[in-house]
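The sequence and the structure come first.

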Amino acid sequence: MIYLDSAATSFLKPPAVYGAVGRAMLQASSPGRGGYRSAMKAAEIVYRCREVAAELFHMDDPSRVVFCSNATHALNIAIHSLAAPGRRVLISGFEHNAVTRPLLASGAQIRVAGRKMFDEEDLIKDFRTKIDGAELVVCTHVSNVFGFVLPIREIAALCLERGVPFIIDASQSAGLLDIDMPGLGADFIAMPGHKGLMGPQGTGLLLCARTGTPLIQGGAGLDSASPTMPEDLPEHLEAGTLNVPGIAGLLEGLRYVRQRDPATLLAREETLLGELLRGLRPLSAYKLFENRGGGQCGILSLVSDRMDSETLAMRLDQHHIAARAGLHCAPLAHESAGTKTMGTLRLSLSPFLEEEQIERAIEALRKII
Amino acid sequence: MEKYLIMCRSLTHAQRCQRLLEQSGIISSVIKAPAGLTQKGCGYSLVLRRHIKDALRVLRERNLLTGKVYQWDGTQWREEYDLS
């Protein structure tokens, strides 16, 4: 199989990830639930993972790294902490349902800024125009449909300047782009563990500049006599038993990313994206959503004038190529791009892919049309 | 041999303190806090056998010393180790 769906889950992982998950299941029990060896072993894995994540995101306090099930869970905590009925929230035109649905459920008033694809200047200008009166900004770092890298630093600067709380969805950027949590001054940054950070499914991180409001309540392994959740991070936001095998795998994924460096991994994906674009540009049956000015992170969406995107993905599967079609849970992004009716076929890359696999994917797409 | 116990706010807090002490060459262990010493039920603490004054200084410098400090008198944890 040629796996081109890493924007959903990085199915290809560093080998150490698989081993760590298995070892944790055999050796590590529940952190914070007992003082015996296997509980303390689990606690050590969990804390080490917080430390490596904190180092990767330039944070000096590992306690501010909260474990979640995925980025959606992390975003729900962040939004639950800062959105409220009637509160004015500004979002980009490229947000995922993981942002829009919890915002709608919160009763907040949502306004959209920046609808032009691959146009950073327009996006900054639109945010600058609309930020007055906003009480919260939520913005994705990279569009999960088009790979469009949004000018997150400029938006963060605007938020700091106006004193508006800021939540970043780093689902597609974590592990590939530099994320400087204190430098950005964001209140929360949410990310999955199972994409660019190379961890297993069922893992996610919420980087917290503030304490936040628990989304769920329950056991945290301490202050058990208290009727409320512990006051300090990370336990404040981590009710229930943590996914220790997942976190053990994520630790190895994070170590790999740190060792290889996100810039190197991104450069590899850029090389592969370049190969993909060079091979597909001559095929006139496809419309490619390409940022010719740069700023496209490991994802290429396309549509065909001969076939709908789901049929195209099914045909690719017959060639043993895994790619996703449809709206990719981001109807707003498709609205911005004018692709909401039919969706797109999304090819998303991994640094573990080989050039030869990209060539085979191009050849399959050529044969299909 | 002397033995000291530093009460921590949480497991993660205890781990953070342990790492910090380790970086200063002070060995300590994270353990569940003895029952009766915590205010709200289950808690975590650090145990160390030497360099208590240095440890307290290091933790204080980083604003991480938030709980009581106890000394083992051979039969029980004696409240409270003289911090002066």
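This is a predicted model: local features need pLDDT of at least 70, side-chain atom pairs count only at pLDDT 80 or more; totals for chains, interfaces and linings use all residues.

Residues are numbered from 1 along each chain as its sequence is written, and chains are lettered from A and ligands numbered from 1 in the order in which they are written.

**Helix pairs in chain A**

Two packed helices are described by the angle between their axes and the distance between the axes. Axes here are lines fitted to C-alpha atoms, for helices over the stretch in contact, and angles run from 0 to 180 degrees between N-to-C directions. Helices (H or I, at least four residues) and strands (E, at least two) are DSSP runs, numbered from the N terminus.

| Helix pair | Axes come within | Crossing angle |
|---|---|---|
| helix 3 (residues 71-82) and helix 4 (residues 97-106) of chain A | 9 Å | roughly 35° |
| helix 1 (residues 15-27) and helix 8 (residues 244-260) of chain A | 8 Å | roughly 150° |

With that angle, helix 1 of chain A is roughly antiparallel to helix 8 of chain A (the term applies to angles over 145 degrees). Their crossing is right-handed, a term for the near helix being turned clockwise from the far one by less than a right angle. Residues are in contact if their C-beta atoms, placed from the backbone, lie within 7 Å. Helix 1 of chain A brings residues including A:A16, A:V17, A:A20 and A:R23 to meet residues of helix 8 of chain A, among them A:V244, A:A248, A:E252 and A:Y256. The residues of this contact comprise 11 nonpolar, 2 polar and 2 charged. In this classification Ala, Val, Leu, Ile, Met, Phe, Trp, Tyr, Cys and Pro count as nonpolar, Asp, Glu, Lys and Arg as charged, and the others, Gly among them, as polar.

The crossing of helix 3 and helix 4 of chain A is right-handed. Helix 3 of chain A contributes A:A71, A:T72, A:L75, A:N76, A:I79 and A:H80, and helix 4 of chain A contributes A:A98, A:V99, A:P102, A:L103 and A:S106. This contact has 7 nonpolar, 4 polar and no charged residues.

**Strand 13 of chain A**

In strand 13 (residues 344-348) of chain A, 5 of 5 residues are buried (20 or more other C-beta atoms within 10 Å of the residue's own, with C-beta atoms placed from the backbone). A:T344, A:R346 and A:S348 point one way from the strand, while A:L345 and A:L347 point the other way.

Strands pair if DSSP finds at least two bridges between them. Strand 10 (residues 299-304) of chain A runs antiparallel to strand 13 and is joined to it by 4 bridges; A:L302 has A:L345 as its bridge partner. Strand 12 (residues 324-326) of chain A is also antiparallel to strand 13, over 3 bridges, and A:G326 stands opposite A:T344.

Chain B has an open, antiparallel sheet of 5 strands in the order 2-3-1-4-5. Its edges are strand 2 (29-32) and strand 5 (77-79) of chain B. The twist averages 35° from one strand to the next. Strand 1 (residues 4-8) and strand 4 (residues 69-72) of chain B are joined by 3 bridges, with B:Y4 opposite B:Q71.

Key
Two residues are in contact if their C-beta atoms, placed from the backbone, lie within 7 Å. Angles under 35 degrees count as roughly parallel, over 145 as roughly antiparallel, 65 to 115 as roughly perpendicular and the rest as oblique. A residue is buried if 20 or more other C-beta atoms lie within 10 Å of its own, exposed if 12 or fewer, and partly exposed in between; C-beta atoms are placed from the backbone.
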